[in-house]
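I want to look up a few things here and jot down what turns up.

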Amino acid sequence: MADILKTLLASPFEVILFVCGFFSFLLGVLPIKGKIDGLPLEGPFSPATRRLLWIFGAVLMLLATGLAVLKISPPPTPGPVTFTPSPTVTPSPTAGPSPTVTPTPTATPMPTPTGTPTPTPACRYDAYVTNEGRYPDPQEGPLVTGQQMIVEWTITNKSTCPWSTGLRWAFVGNKEIGAPPFLSIRGVGIGESVKIHERISAPSVPGHYEGWWQMKDPSGNPFGDRSRIEMTVQEPALPPSPPYCVNNALFLADLTYEDNPAQGIVPVVSPGQRIYKAWLLKNTGTCPWGEGYRLVYAGGAELAWESPYVPPTASGSKAVVLVTLFAPTAPGEYKMYWQMQDPSGNRFGDTIWVRIKVE
């Protein structure tokens, strides 16, 4: 209170303001009554005016007092306002499952409507054996033990689907017959045919044997025609060679991979293809062809080859001689010559050949 009074008296403006207010307040609240020279004296102001005076005086005194208070405790000078962000309250980790982060959804393009694919029906497998050959044919007479022969088939795809992979031409029968368990077949369209050759051998023990070949699908289920084979096997029985016998051989026919360039017939094979070539010869000499008689290379293109075979053949009898060849990898036409040879290394008889075209 003392500080307010000191501040009020120290400022002339507040003093004048307070004094004016004080006297105005007194004029409004104190009536003037008395006598002068025996006459009654009344104030010069009406009651309403006096009420205004005391209100006005009170306001002036309060205003002077307020100004003095403001000088004692001036309001703080406002400075630049700085907005400090509230610290982010990080909740303490609690035991429990890790929160699942939900990725922001992205716009998924609407798929182009397509028709419902029609299910592909299962293939119905079928096969026809339209041609077959055996060289020599076991039905024409017994074979000798271990005799080599070539069998061939033409098989037509009668399935409702192409033959691509996993299909086999499988042998079922006596294991003593030296036949591979199966041959892989592929690349045959619906209605198309494929020609297959295979070299097999008769059992080494005399007896009667049989078996068959049939197609099998990729699951191993047999289907289509069977190709049956039966053979009777016996020990070879050649008469002894007469003294001073003569060796000779006559070519009768190409049994496999026949060629006739004059008629435009040249067998076409693939590079590296295995070729089972068989010829039919006749022993026109007086010497039987027994141990030591061979089929040998006699000139021409030197194709890779293996296992030439000549069966025991009596004088005047026919024989199927054969060899396994391998086509060159380079395209072109090739001709290779062969001839019979006796145990002394002398070649005799007709020269035979194989001609192929590699494409």
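Entry 1, charges over rings. I started with Arg168, which lies over the face of Phe182, at 5.5 Å from the ring centre. I keep in mind that this is a predicted model. Then I looked up Lys335 and found it over the face of Trp353, with 4.4 Å to the ring centre.

How many aromatic pairs does the structure hold? I get 10. One of them is Phe171 with Trp213, a tilted pair with 4.8 Å centre to centre and 55 degrees between the planes. Phe171 lies in strand β6 and Trp213 in strand β9, so this pair ties together parts that are 42 residues apart in sequence. I checked burial too, and both Phe171 and Trp213 are buried.

Next I looked at Tyr293 and Phe348, which form an edge-to-face pair: 6.1 Å centre to centre, 80 degrees between the planes. Tyr293 sits in the loop between β13 and β14, while Phe348 is in strand β18, so I noted that the pair links distant parts of the chain, 55 residues apart. Tyr293 counts as buried at 12% relative accessibility, and Phe348 is buried as well, at 8% relative accessible area.

I followed strand β18 (residues 347-358) to its partners. With β12 (residues 268-269), β18 pairs in the parallel sense over two bridges, and Val268 has Lys357 in β18 as its bridge partner. With β17 (residues 332-341), β18 pairs in the antiparallel sense over nine bridges. Here Gln341 stands opposite Arg347. β17 and β18 form a hairpin with five residues between them, and Gly345 in the turn has a positive phi of about 90 degrees.

Reminder to myself: most residues other than glycine have a negative phi, and most peptide bonds are trans. What kind of peptide bond joins Tyr135 and Pro136? I found a cis one, with omega at about -5 degrees. Pro136 lies in the loop between β3 and β4.

Tyr244 is not a glycine, yet its phi is positive, about 60 degrees. I located Tyr244 in the loop between β10 and β11. Is Tyr244 buried or exposed? Exposed: its relative accessible area is 82%, and the cut-off for exposed is over 50%.

Tyr257 also has a positive phi, about 50 degrees, without being a glycine. Its place is in the loop between β11 and β12. Tyr257 is buried, because its relative accessible area of 15% falls under 20%.

Terms used: Residues numbered from 1 in each chain as written. Predicted model: local features only at pLDDT ≥ 70, side-chain atom pairs only at ≥ 80, totals over all residues. Heavy atoms only, no water. Pairing = 2+ DSSP bridges. Helix = DSSP H or I, 4+ residues; strand = E, 2+ residues; numbered from the N terminus. Buried < 20%, exposed > 50% of the residue type's maximum accessible area, 1.4 Å probe, protein only. Phe/Tyr/Trp six-rings, centres within 6.5 Å; stacked < 30°, edge-to-face > 60°. Lys NZ or Arg CZ within 6 Å of the ring centre and 35° of its normal.
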